[in-house]
Amino acid sequence: MSDRQEAAGTGGPADRTTWSGHAGAQAFAAVEAATDRLLGYPFVFRALSRRIGPGQVLVDYGCGPGKVADQAARLLGARVLGVDTSPEMLALARGSATAVAGFHLVEDGRATGLPDACADAVMCNHVLASLPTEAALLGVFSEIRRLLRPGAPFVLLTTDPACSGTEYASLRIGDPGQEYGPGDELTVRLRRTDGSWQEVRNHAWPVGLLPDLLERAGFRDAAQHRPTVAEALTVADTDFAAGRPWTAERARPPLVITTASADRTPCGRERC
């Protein structure tokens with residue numbers, strides 16, 4: 001199963017299975033992700049571009065079918081390595097993400113074949129919602145810290161469960177009128193590229209908890225930013241940003257970028 005647990009069925013809104021197996025990987029690749037393309041990924045890439053240069057190693061933790069990793073490799077000139085818990089996702093990625101340098105399976109919480117301090121940066125997009133406990137979050141953050149050289153940047157993209165019930169261009173987080181505490185199950189609706197919707201069982205992790213968890217896992221200088229549509233008009237693809245009204249995204253932006261740096265505790269020096 002991919003680190004994401006957002007949905008894998010081919011039916012209607014009642015289909016709430018996960019991204020497991022070959023069918024799940026294919027379904028994940030069919031998610032539209034318009035809101036992410038406006039308010040998420042362009043800001044992840046901007047944050048990374050300020051800290052890494054061409055040829056440096058960027059790990060995409062929870063890369064899924066590799067679309068975002070491939071885009072990062074082309075935009076940043078970085079040597080991108082994708083890692084995921086799903087062999088089926090990695091098989092899709094190997095067939096489509098042609099700019100990515102390599103892919104590694106996460107087994108027992110560890111990215112196989114990647115030594116300590118091998119990465120100049122790590123990005124992690126929409127992985128936390130699949131994790132049911134605080135201990136699981138700390139486990140992912142600790143593995144990412146292991147991969148990073150001291151002082152290197154970590155960029156994390158998450159949805160804000162406080163924005164529950166709002167119908168965005170390509171998703172709805174939770175149900176209208178509901179409030180969610182840490183780890184609570186919620187349902188996320190995602191739009192497919194064919195215009196249909198699918199549902200997934202996820203977990204709510206309030207964004208305000210993340211800086212403390214990152215510090216506990218060996219990070220420092222955590223900061224958070226909530227991108228707006230006004231900012232996106234200068235950061236995202238111009239034609240794409242101008243192609244929709246983005247009414248809900250303007251009123252209540254649902255995505256948060258959290259950045260942090262690996263602390264400077266000595267660790268392995270072997271490179272990827």
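Trainee: Which hand does the crossing of H3 and H4 have?

Mentor: In this predicted model, the crossing of H3 and H4 is right-handed.

Trainee: Why is H3 called oblique to H4?

Mentor: Helix H3 (residues 41–49) and helix H4 (residues 67–76) pack at an angle of about 45°, and their axes are 11 Å apart. Angles under 35 degrees count as roughly parallel and those from 65 to 115 as roughly perpendicular, and the angle of about 45° between H3 and H4 therefore makes H3 oblique to H4.

Trainee: What makes the contact of H3 with H4, residue by residue?

Mentor: From H3 come Tyr41, Phe45, Leu48 and Ser49, while H4 brings Val68, Gln71, Ala72, Leu75 and Leu76; contact here means heavy atoms within 4.5 Å.

Trainee: How many residues of each class does the contact of H3 with H4 have?

Mentor: The contact of H3 with H4 has 7 nonpolar and 2 polar residues, with no charged residues.

Trainee: How much space lies in the largest pocket, and which residues are closest to its centre?

Mentor: The largest pocket holds about 900 Å³ of space, and of the 46 residues that line this pocket, Ala33, Asp36, Arg37, Tyr41 and Val68 are the closest to its centre.

Trainee: What lines the second largest pocket?

Mentor: The second largest pocket, with about 260 Å³ of space, is lined by 16 residues, and Ala47, Arg50, Val155, Ile257 and Thr259 lie nearest its centre. H3, E6, strand E10 (219–225) and strand E11 (255–262) each give two or more residues to this lining, which divides into 8 nonpolar, 4 polar and 4 charged residues.

How values were computed:
Residues numbered from 1 in each chain as written. Predicted model: local features only at pLDDT ≥ 70, side-chain atom pairs only at ≥ 80, totals over all residues. Heavy atoms only, no water. Axes fitted to C-alpha atoms, helices over the stretch in contact; angles between N-to-C directions. Helix = DSSP H or I, 4+ residues; strand = E, 2+ residues; numbered from the N terminus. Parallel < 35°, antiparallel > 145°, perpendicular 65-115°, else oblique. Left-handed = near helix turned anticlockwise from the far one by under 90°. Nonpolar A, V, L, I, M, F, W, Y, C, P; charged D, E, K, R; others polar. 1 Å grid on protein atoms, 1.4 Å probe; cavity = no way out; pocket = protein on both sides within 12 Å on 5 of 7 lines; lining within 4 Å. Points joined across faces, edges and corners; volume = space filled by probe spheres on them.
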